[in-house]
Amino acid sequence: MNFDTLGLSPALLRAISDQGYTEPTPVQAASIPVVLEGHDLLASAQTGTGKTAGFTLPVLERLFPNGKRPGDTRASRPRALVLTPTRELAAQVHASVRDYGKYLKLSSTSIFGGVGMGNQIQQLRRGVDIVIATPGRLIDHMQQRNIDLSGIEILILDEADRMLDMGFLPALKRILSVVPGKRQTLLFSATFAPAIKTLAAQFMHDPKEVQIAKANTVVSTVSHRVHPVDAERKRDLLLHILAEDSRRQTLVFARTKHGSDKLCKHLSNSGLRCAAIHGNKSQNQRTRALADFKSGKVNVLVATDIAARGLDIEQLPMVINHDLPMVAEDYVHRIGRTGRAGTEGLAISLVSHEESGLLRDIQLLLKQDIEITAVSGFAPTQPLRMDAGAPRPRQGGQRQNTSKSSRQRRPHTHERKPGGNTQNAAKRRGRGHGGRAQRNP
Ligand code: AMP
């Protein structure tokens, strides 16, 4: 199938061709016509399958039929709003909107916390067609009356399940209360838990469904490997693996912010070019770490689960789980950073005896056994245990993923918002932010 059979105008087809895309991905082929017809849409597709273009292209076509803004007036109030769970994802979706809309007289802006509000206010005053926002900062602007959402025609929730996981629901309800009820709503997500579908039914109108991959499956271009190892030898094993090809771009996941800092320091001290990204870093540090990793200035990015969703790092060959995630679904999202858009990827997990139960959860979720091979010189003193009583790490009272409803019970304790201390919380309450539930991993 070609893009030009989908009903997109020449301005968009030209931009698509500039990106080097020759044919739509399955999620694009299925979603674009549905969105163009004006339906609400619930779309689930594996991460890295081209979801962003799947909604951006038809939204641009609807806002700019035949490449022109209706009436050809200047942009004033935003007409489309994209909500994302993380700042990085907002920035990334905004970059895609600009790429795909480069031949339109389109004005767009991204709005997220951790940076000053001044530029965002200026952009909003100048007039924008599309806003890509994280909920917390959007609500700040709503409270200060910097933004008028009464002209929203299309609302898009990207990584919708993550947004609900992260406790965004109160913020989301607040935003939904000010956007017009008569609108088109699109929900895009890698996975759709039943609870999300139930919730979606409350604010969507007779949505069409597009399901490209079964829930919690991983793309076939990723090879998985587990190396059993004693917890205290993980760092050495990590160095050993990274040393095999020190120029290879590798994303390393650690469980905690403190742990990722320590690991990054250790890797840097061992001569690797490394950066860390997590919720305690300033937005500037986060942006720089990601940019340095994308440009190859650093080869290793150590991340907490903030980097697990939505981030598109071109041709990332390898993801290493230094620690397994506490919630099995996060494994799918973590390794979804590699093997994107049909490229080959390798996902390695370093698993200690104490994490056996987490590995078991992952295998049960994927309905797939992952190859377990000890690396010579790093064989563990205690083997992994894969039976029902397999041990799990206890950490800061975190609960584990043992049932279907684990999604609602995601542990948050290790990833609090920077400045989420009592003093700042009091300040926020003073500004009328009480009850805001945004989390910032
Ligand atoms: P996404 O799932 O939206 O994060 O996209 C994953 C990657 O696929 C991005 O690097 C896109 O640039 C790329 N991509 C999106 N659509 C296509 C397409 N039709 N053909 C080739 N690559 C694509």
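Contact here means heavy atoms within 4.5 Å. This is a predicted model, so local features need pLDDT of at least 70 and side-chain atom pairs count only at pLDDT 80 or more, while totals for chains, interfaces and linings use all residues. Residues are numbered from 1 along each chain as its sequence is written, and side-chain values use heavy atoms, without hydrogens or water.

Val59 touches Val35, Ala80, Ile154, Ile156 and Leu186, leaving out residues up to four places away in sequence. A nonpolar core is a set of buried Ala, Val, Leu, Ile, Met, Phe, Trp, Tyr and Cys residues joined through side-chain atoms within 4.5 Å. Buried means under 20% relative accessible area, exposed over 50%, partly exposed in between (1.4 Å probe, protein chains only).

| Core | Residues in core | Members include |
|---|---|---|
| Largest | 37 residues | Leu8, Leu41, Leu57, Val59, Ile130, Leu186 |
| Second, separate | 30 residues | Leu81, Ile111, Leu124, Leu149 |

Helices (H or I, at least four residues) and strands (E, at least two) are DSSP runs, numbered from the N terminus. Helix α5 spans residues 118-126, and its buried residues are Gln120, Ile121 and Leu124. Seen down the α5 axis, the buried residues fall within an arc of 100 degrees, so they line one face of the helix. The arc is taken from the directions from helix axis to C-beta atoms. They pack against β3 (108-111), β4 (130-133) and α6 (135-143). On the other side of α5, Asn119, Arg125 and Arg126 are exposed. Gly127 follows α5, with a positive phi near 105 degrees.

Confidence comes last. pLDDT is the predictor's confidence in each residue, from 0 to 100. The protein chain averages 83. Residues 396-441 stay under 50.
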